[in-house]
Number of protein chains: 2
Amino acid sequence: MGDCCEIEEGAYADSLLNLEWLRRSLVREEDSIIFSLIERSKYPINSRLYDQSAAAAPSLLHLFIKESEAVQAKAGRYTSPEENAFFPDSLPPLKHNPVLHPSGACININSKILNHYLNMLIPLIAAKGDDDRNYAATAASDLACLQALSRRIHYGKFVAEVKFRDSPQDYTPAILAKDKDGLMKLLTFESVEEAIKKRVEKKAMVFGQEVELQENGSYKVKPELVSQLYGEWVIPLTKFVQVEYLLRRLD
Amino acid sequence: MGDCCEIEEGAYADSLLNLEWLRRSLVREEDSIIFSLIERSKYPINSRLYDQSAAAAPSLLHLFIKESEAVQAKAGRYTSPEENAFFPDSLPPLKHNPVLHPSGACININSKILNHYLNMLIPLIAAKGDDDRNYAATAASDLACLQALSRRIHYGKFVAEVKFRDSPQDYTPAILAKDKDGLMKLLTFESVEEAIKKRVEKKAMVFGQEVELQENGSYKVKPELVSQLYGEWVIPLTKFVQVEYLLRRLD
């Protein structure tokens, strides 16, 4: 994390720190997350992709992500402050566009996201089984889910920056006291979180339905699962990122 | 195309040549195509990605696809007879699982698909403009669209094989006479095509809507555009693949 960022003024800093733009991006990212989960649910678990049993060997998925990130880095993916790599140490060092406070800008909790995705989420969205001709398509689909989730969760940094700029006096005492619980309380609006959970559940119903010219009522990914994903994981992790960011905001 | 396939019996040949499985795959692929188009529509055209003006230089997108295909090939993507690379000459030669008749199995019209996608489709689904921090995300999104379209269109090979096996007597005379128009007529069922166009338009309305807790009526990608895409391009190209396949079916 430390000193990977350089100070220079970015042309699009204004939009990234505009609350309405952020709100729209977060809402739009819900669609991307749900599309990608639905696409992942096309394939069975394919657990050989995730197998790390060979001593110290990375899994096929790890290799796939690392190599895909190298390709995407060449096209400039990680020069965008909205993007965080899963294996940043394998990539050339970056000059970030310093939209954010430098010590918080490089917060990257992708290893948490990857672990949770592999251990908790895949078993819930993918059917049991193995379908070896689709390993690459499955891995590509995992990467799309992970990138969408990562973008959503790391938007927390921008949200925290905007909130801090908006009312530094509310946050400064808790930051100075390193009071994580206090910060978490300042960042928590239960009615907003309830509305998000309802909205993503509705989106999962709409996007995951089997659309036929005649209606039926089955879903590709359980809508209540997506609501639970947001409630138990995406929202808490986004707030975790916000707290971590704010704790460094006065460095 | 020629001799890239070897004969050996595949374990899943049965499912790939089962008409009901194929029908379900084609219907499911519609969702993938529409999700990927909606995702591409998040970004502006970003025409610098497609620029080939430097003498003989490939575009950034070409490089991106080539390198991504190399990564996906290592994970086995192109060992699946459902998958066709956009730059197969850059990949190690393959032993295809010979579900299909060998001379037709290697039909690959991806250069047509890529051209049409770049010249016709992108200007219709992406807003004008440039958004340079999202080039890599845009390219990844292009690749997802292209792969979904390619899979859908090349399913034509399996459909043609099933139809031929079902009633060789109907197809053999036209094949021997190299009668493309006659084959096209045998493969055309207007009422089925109309139903597909209606269904994809409906899917684009359902998947592309802005889902809010209160309803509104805007779409991320114009539903009638998706119907037109299928009517003028996806269905004709799938039939083109079928005709090409059948013409080689008796080699």
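In this predicted model, 34 residues of chain B are in contact with 34 residues of chain A, a contact being a pair of residues whose C-beta atoms, placed from the backbone, lie within 7 Å. On the side of chain B that touches chain A, helix 2 (19-40), helix 3 (60-74), helix 6 (135-166) and helix 9 (190-208) each supply at least two residues. Helices here are DSSP runs (H or I, at least four residues) numbered from the N terminus. The greatest contribution comes from helix 9 of chain B, with seven residues. By class, this side of chain B comprises 16 nonpolar, eight polar and ten charged residues; Ala, Val, Leu, Ile, Met, Phe, Trp, Tyr, Cys and Pro count as nonpolar, Asp, Glu, Lys and Arg as charged, and the others, Gly among them, as polar.

Residues are numbered from 1 along each chain as its sequence is written, while chains are lettered from A and ligands numbered from 1 in the order in which they are written. Because the model is predicted, local features need pLDDT of at least 70 and side-chain atom pairs count only at pLDDT 80 or more, whereas totals for chains, interfaces and linings use all residues.

The arrangement of the two chains can be considered next.

The largest nonpolar core has 125 residues, of which A:Ile34, A:Ala139, A:Leu149, A:Leu246, B:Ile34, B:Ala139 and B:Leu149 touch the most other members. Such a core is a set of buried Ala, Val, Leu, Ile, Met, Phe, Trp, Tyr and Cys residues joined through C-beta atoms within 7 Å. Not counting residues up to four places away in sequence, A:Ala139 touches A:Leu49, A:Leu60, A:Leu61, A:Phe64 and B:Ala75.

A:Ile45 lies in the loop between helix 2 (19-40) and helix 3 (60-74) of chain A.

Notes. Contact = placed C-beta atoms within 7 Å. Buried ≥ 20, exposed ≤ 12 C-beta atoms within 10 Å, placed from the backbone.
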